[in-house]
Amino acid sequence: MVRIYHNSRCSKSRATLALLEEHGGKVEVINYLDNPPTVAELAVLLKQLGMSARELLRTGEAEYASLGLDDPALGDAALIAAMVAHPKLIERPIVVANGKAALGRPPEAVLAIL
């Protein structure tokens, strides 16, 4: 099963979902703004992505500045907590398949894990 953490208002997310559907198989769509991952789930996703929490942050969101997330002293635990509380801060889309994860930027990047 392929899972996508999806935001239907995001063109990259829509393009990634369409690409997954073209390649067949069942796709579980998680609208992460409505159903954000837990702290534990996000920690697993980061490990699967091979990324730090800071690398997964959307720095252009208003919450990034208002919460002071640009502070380099903040560790992964604080950044993960902020992303769980404010899921708009999570870069998207994230696709999980075969025990691995990939960020759909560009959408074709997810093909490597299928």
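Predicted model: local features only at pLDDT ≥ 70, side-chain atom pairs only at ≥ 80, totals over all residues.
The side chains of R3 and E28 meet in a salt bridge, with 3.2 Å from N to O. Because R3 lies in strand β1 and E28 in strand β2, this pair ties together parts that are 25 residues apart in sequence.

## A network of charged residues

The structure holds 6 salt bridges. One of them joins K88 to E61, whose closest N and O atoms are 3.9 Å apart; K88 sits in the loop between α5 and β3, while E61 sits in the loop between α3 and α4 (62-66), 27 residues away in the chain. K88 is partly exposed, with a relative accessible area of 40%, whereas E61 counts as buried, at 16%.

Another salt bridge brings together the side chains of R105 and E91, at 2.8 Å from N to O. Since R105 lies in the segment after β4 and E91 in the loop between α5 and β3, the pair ties together parts 14 residues apart in sequence. R105 counts as partly exposed, at 33% relative accessibility, and E91 is buried, at 15%. Through shared partners, salt bridges join R58, E61, E63, K88, E91 and R105 into one network.

## The nonpolar cores

The largest nonpolar core has 22 residues, and those with the most contacts inside it are L56, M83 and I94. At least two residues of this core come from each of α2 (39-49), α3 (53-56), α5 (76-85), β3 (94-97) and β4 (100-103). A second, separate core of 11 residues includes V2, I4, L19 and L20.

Beyond its neighbours within four places in sequence, L56 is in contact with residues including L42, L46 and L49, as well as M83, I94 and E91.

The buried residues of α2 are L42, L45, L46 and L49; seen down the helix axis they fall within an arc of 100°, so they line one face of the helix. These buried residues pack against β1, α3, α5, β3 and β4, while A40 and K47, on the other side of α2, are exposed. After α2 comes G50, whose phi is positive, near 70°.

Terms used: Residues numbered from 1 in each chain as written. Heavy atoms only, no water. Core = buried A, V, L, I, M, F, W, Y, C linked by side-chain atoms within 4.5 Å. Buried < 20%, exposed > 50% of the residue type's maximum accessible area, 1.4 Å probe, protein only. Helix = DSSP H or I, 4+ residues; strand = E, 2+ residues; numbered from the N terminus. Contact = heavy atoms within 4.5 Å. Arc of directions from axis to C-beta. Salt bridge = Lys/Arg side-chain N within 4 Å of Asp/Glu carboxyl O.
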